[in-house]
Amino acid sequence: MAFPVLAAAGVVLAFAVYKYVSGLRKNIAKARKTGFPYLVVPICPINLAWQLTFVIWVPIIKLLPKSIWEHWLFVMYPNWAFDTNQTHFDRLGSESFLVVSPGNLLMYTQSAEVIHQVTQRREAFPKDIAKYGVLDMFGKSVLTTEGPLWRLHRKVTSASFNEKNAAHTFAEAINQTRGLLDMWLGPDGAKTGRSKTINSLEQDTMTWALNIIGYVGFGLRLLWPGQSLPKDIDPTLAKYGSLDPPPGHTLTFADSVALTLERIVAIMIWNERILGILPFKFAKDAYKGKRNYLKYMGEFLQDKVEETRRGGAPREGMDIMGQLVQSQYSPKAKSSNTNGSTAFSLSDTDIVGNAFIMIVAGHETTANTLHFSLVELATNPTTQRRLQSEIDTLFGTTDPSTWDYEKSINPLLASHAGATINETLRLMPPVTGIPKVVTPDADQTVTVDGRTHVLPPGLAISLMAVCVHRNPRWWPTRPSERTGRMHDMDDFLPERWYRGAGRAGEDEDEDGGEKSAIDDKGDYGGFQGSDVSASLYRPVRGSYLPFSDGPRSCLGRRIAMVEMGAVLAVIFQKYSIELAVDEWASDAEVEAMGPAERREVYKKAQEKSEDTVKQAISVLTLKLHGGRHVPVRFVERGKESGNGWLARQRKGELLDIARDIGLKDYESFKKTELELAIDEHLSDNVSRYQLDPQFQDYFKSRARAGGSPIKKEILGGPDLKVSRRRAPKPVEEIAPAEEEEEEEEEEEEEEAEDEEETSALTTQAAQAAHDASTAVVRTPGRALAMAARLQLPATPADVAQAVDRSTVAVRQRVASLYQESGTTEAIETTREWLSTVHSVVSAIALFELYRLRQEVLPDRYAFTVPAVALLGTPDYPVHLPDMFALVTAGFWVPALTWAVTSVVLPSLGGYFFNLSGAAAHHHQGSSGRGRRTSAGNQQVEYTVDPVMFSIVKAIVTYVVYAQGVTFGVINPEAVGRINSALYSGWKGVLVGTAVSGLTAVYDAVLRK
């Protein structure tokens, strides 16, 4: 019986190996014909099963010699393009390369030439809709279709994307941004001009974008906390904006959308019925979010159908759902369908599917771009100041509600606001790779640097937007001032969009795009202009595609740019954004710091912000996952942690100030460095500059930000001293004191020049001190300054105290690191898990299995680790289990025999002869306690009784392995091999059962 089964398994395995090898050879031959470099991998990196389990397999692959995997393993990481960017393209020496696996052929490209050709030739390179098939879960949509069906979806959905609705979006974005700022600041922030630390920037921008698309796109008024619905709102739409779930729902509409997007991967992978059964939180959340969302959309669809049948007037805004419903249910659409004038029409599921795509594309992509823009502006305050300066020029202090769309939008997108958005989209595009495919019925060609390459039918192509956006070949670059690299493509520099701004040559059309014979001139609806303002740098076609390019470019790209421009203008007209430094210092500690200390703390925050952004991952879109965030604060302009007056000056003005106050070697400073250097100098020389008209605004800004430095100097200056001996300084303070001595000598000469100006202030302070205490005497500041320079030697007690403090600090730091490492928790968790009867039984079984493995799956020589002369190690032969034994009866017969006798039969015996379970049932019945079902009946969970497990295992072992009873099905040879493999044979197994049985009895006694 066993032989036919094994033979069939062998045939299947042999056929699978043949298909694997032949498929690999065939795809390698195709890859060679393209003329591009290629990598050979064991499985396609975009295979869904691989992407879900790669974290398991990658560490296993890395156990092999590095030479086997070092050149191709990088491409098996789903996020490799964002993580490594140009590294591997440079190593391969090509902007395009192929990845060859047995079942697939895949091409990655960051060549603007290739990208432009692929995006413009839609018929030759259609969208790889197979990659978007999982998004059909709500119905077909403009994103998941191709060919004539896509044209229908595009025609219906594009009708709402026009300049009229862009103006409506502009007004609503302003309104929603005000609600967002109110939430961030709160009642206290509105008074103080400073928000608390915000850790939810990503979620808040998501809510902001959802509120906009909800109202503009679907007519749904969604609320911020504390807001209420207008009294004149349509009753049929009120439930969608409610902050409480309406009857029949367990989530609000906004929460159902948010939860659906949060658990989108689980929803795409698992069937809805399975999600409803699985006991895990992610499954319950996914099921709950999806069910609520579908119910909302079903109700919304029916409301729109009824409205269309009644001949209701079009609603304000885009009314995407209304447009979709009218294409199917309006009298005109029904007449067309009846006359057969249209080949296709949208079903209800198609309408819901398109609505879902519009919600996702209309709010998640925009929200992520706004989130990263704000983080980058907080990390780069110089760029933020320039943005604020240009917003001041455009809008001044006018009320945003009065801004005119037609007059404002083009200048706004041509300003630093537009450059900031473009730069964020360049570095952090919402979609990192755009999937295309070569049409399956013919070869296609692309031309690169004058050379023609033939691409085979069915070749999957990934247009690597995140890589081509940083490819220095296609962008104007300069050496990086931040990293020291040869180019600055990895730096956030909105200024790069002014490099060559406004260029227009013979090779460009009136919209700034390159003229090309391959450009598709068809009208597919939506905005037809360029993604970039004509006043800014126009990238080479194919080198910038945050919204894709060609006929299948994003319908809502104009709407997205309008939204983001509006929100930046509203926020930065009155506020600044700063990185929160709570991790390193409190507000009071920051206020007490000098400029150099503040600079050091802020540098730490900048470095952490940059590191956090680098951890973004692309699932549906590129965003931060796993709770990663950058903490920020919003403050009124002029109340920044630095000096607002200095921040508002241009660099040229700061250079003039630096020259006037006598700074040295400042010519090479960046603007932020100039701000800090000037701030430090002015704060150290208050008495010299406080009455200078040039710096009146500077000292007013300091007074607003953290209390007046002039008042602090008056009441706490060195002119008033307590008449007592100064305590000696500890050892660690001696060196800083010597540095302070030199600074005080320089200040002494400066103070002499201003003695007359400060005499009145000193007199006022002295009078206050005299009234306060007779123990305080007026001592000339000059004399005390000289006395302060006389350093007294540290006493032995001071030295001992310093050593003790250092020892305590080190000990506390070591203890803190040990606690933070989680070692204690891991040890306790492991101890708790091992302190069970089942762990003892499992440990005994694993020991038996380890001994048996050496018999049925012996090791064979695999390779040799070469000697390392430097370490003096010899050649080391490596042996690995002989995996080919898995296809032989020599492995399966003894392995199954041991499994049945040592695991299966004892488990069945322990389950059915469950004395502990019966006792528990009896105890619950007599005491009236225990877990009950909804009907009130007691319910007991029966587990495998460890004592009976050990008894049954001992009996079966003695009968089979000691007495040789085969029952007519057990192979005697297998019994002999198992006996020889296990430690002491069947006697060792009996000892193991005795140990596990006694452990179970001991555990029961303890519990009793």
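A charge sits over a ring if NZ of Lys or CZ of Arg is within 6 Å of the ring centre and within 35 degrees of the ring normal.

**View 1. Arg221 over Tyr215 in a predicted model.** The charged end of Arg221 lies over the ring of Tyr215. Its distance from the ring centre is 3.8 Å.

**View 2. Arg426 over Trp475.** Here the ring belongs to Trp475, and the charged end over it to Arg426. The distance to the ring centre is 5.9 Å, and the cut-off is within 6 Å.

**View 3. A stacked pair, Phe395 and Trp403.** A pair of aromatic rings is described by the distance of the centres and the angle of the planes. The model has 29 aromatic pairs. One of them joins Phe395 and Trp403. Their centres are 3.9 Å apart, with 20° between the planes. Planes under 30 degrees apart count as stacked, so the pair is stacked. Phe395 is buried, at 6% relative accessibility. Trp403 is buried as well, with a relative accessible area of 9%.

**View 4. An edge-to-face pair, Tyr911 and Phe912.** The ring centres of Tyr911 and Phe912 are 5.1 Å apart. The planes meet at 90°, so the pair is edge-to-face. Tyr911 is partly exposed, with a relative accessible area of 40%. Phe912 is exposed, at 64% relative accessibility.

**View 5. An aromatic cluster.** Five residues are shown: Phe74, Trp80, Phe89, Phe97 and Tyr108. Together they form one aromatic cluster.

Technical notes
Residues numbered from 1 in each chain as written. Predicted model: local features only at pLDDT ≥ 70, side-chain atom pairs only at ≥ 80, totals over all residues. Heavy atoms only, no water. Phe/Tyr/Trp six-rings, centres within 6.5 Å; stacked < 30°, edge-to-face > 60°. Buried < 20%, exposed > 50% of the residue type's maximum accessible area, 1.4 Å probe, protein only.
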